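Here are my comments on the model you sent.

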Amino acid sequence: ASSNRVLLVLVRRDDRDGLLDILECQMQLVRIELLRTPAKLQALQAFQRKSIDVTAASLQAASARAFQLALLLGALVVAIGVTFAWLISRSITRPLQTAIDVAATVARGDLTTTFDTASKDEIGELMVALKSMNESLFKIVSDVQTGTHAISTASNEIAAGNLDLSSRTEQQASSLEETAASMEELTSTVRQNADNAYQANQ
């Protein structure tokens, strides 16, 4: 602001020499500033290079961290996937194994096995069907055993009746034989009496 006032004063006075001196001083300052410019440019370039290097290092570190994080997340996802796959497989294979065990038990003839049918999926429906089959087979076997017992009891009663009938038949046959012998004796006596009476009449 002071230099501008001096210039205005010199212009009003029409002092060309003063104006030239001031211009010369300003030109000199410009020359000095221009001489300093390359050093400033070099310093600016060095600063920019340093900033670029720092930024590149930061980006590289961030990229490495991102890669490590991606690996960690990938491993975590794989672990979670394996865990879920194992749980799903276990939830399927365990009821199936139970159904196989029940079927094997029924095949061995053991119909007294009890098992849970709380599941509502296809495996649960299979278990319900196996339970119904087991109960039906148990009822059939129980009915057959009851019928067999009744048949055995009836057979024993029939056998006992046959023995009693045989004994009675033998007794009746013996009585008939005795009756026949008595009839023969009676006939012989009657015939003898008749002969005696005939002879007496002669």
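**Notes on the predicted model**

1. Phe84 counts as exposed, at 51% relative accessibility. The cut-off for exposed is over 50%, so Phe84 qualifies with its 51%. Phe84 lies in helix α2. Please keep in mind that this is a predicted model.

2. Phe84 belongs to a nonpolar patch on the surface. Its other members include Leu69, Leu72, Leu73, Trp86, Ile92 and Leu126. Together the patch residues have about 1,200 Å² of accessible area. Helix α2 supplies the largest share, 11 residues.

3. Thr105 also sits in helix α2, which spans residues 16-107. Is Thr105 buried or exposed? Thr105 is buried, because its relative accessible area is 11% and buried means under 20%.

4. Now the whole chain. The protein chain has 3 helices and 0 strands. Along the sequence the pattern reads α-α-α.

5. Buried residues account for 7% of the 202 residues in the protein chain; Thr105 is one of the buried residues. The accessible surface of the chain comes to about 16,800 Å². Carbon and sulfur atoms hold 62% of that surface.

6. One point on contacts. Take those in the protein chain between residues at least 6 apart in sequence: 45% of them join residues at least 24 apart.

Methods: Residues are numbered from 1 along each chain as its sequence is written. This is a predicted model: local features need pLDDT of at least 70, side-chain atom pairs count only at pLDDT 80 or more; totals for chains, interfaces and linings use all residues. Side-chain values use heavy atoms; hydrogens and water are left out. Helices (H or I, at least four residues) and strands (E, at least two) are DSSP runs, numbered from the N terminus. Buried means under 20% relative accessible area, exposed over 50%, partly exposed in between (1.4 Å probe, protein chains only). Contact means heavy atoms within 4.5 Å. Accessible areas come from the Shrake-Rupley method with a 1.4 Å probe; for residues, only the protein chains shown count as cover. Patches are made of residues with over 30% relative accessible area and no salt bridge: like charges are joined within 9 Å, nonpolar side chains (Val, Leu, Ile, Met, Phe, Trp, Tyr) within 5 Å. A salt bridge is a side-chain nitrogen of Lys or Arg within 4 Å of a carboxyl oxygen of Asp or Glu.
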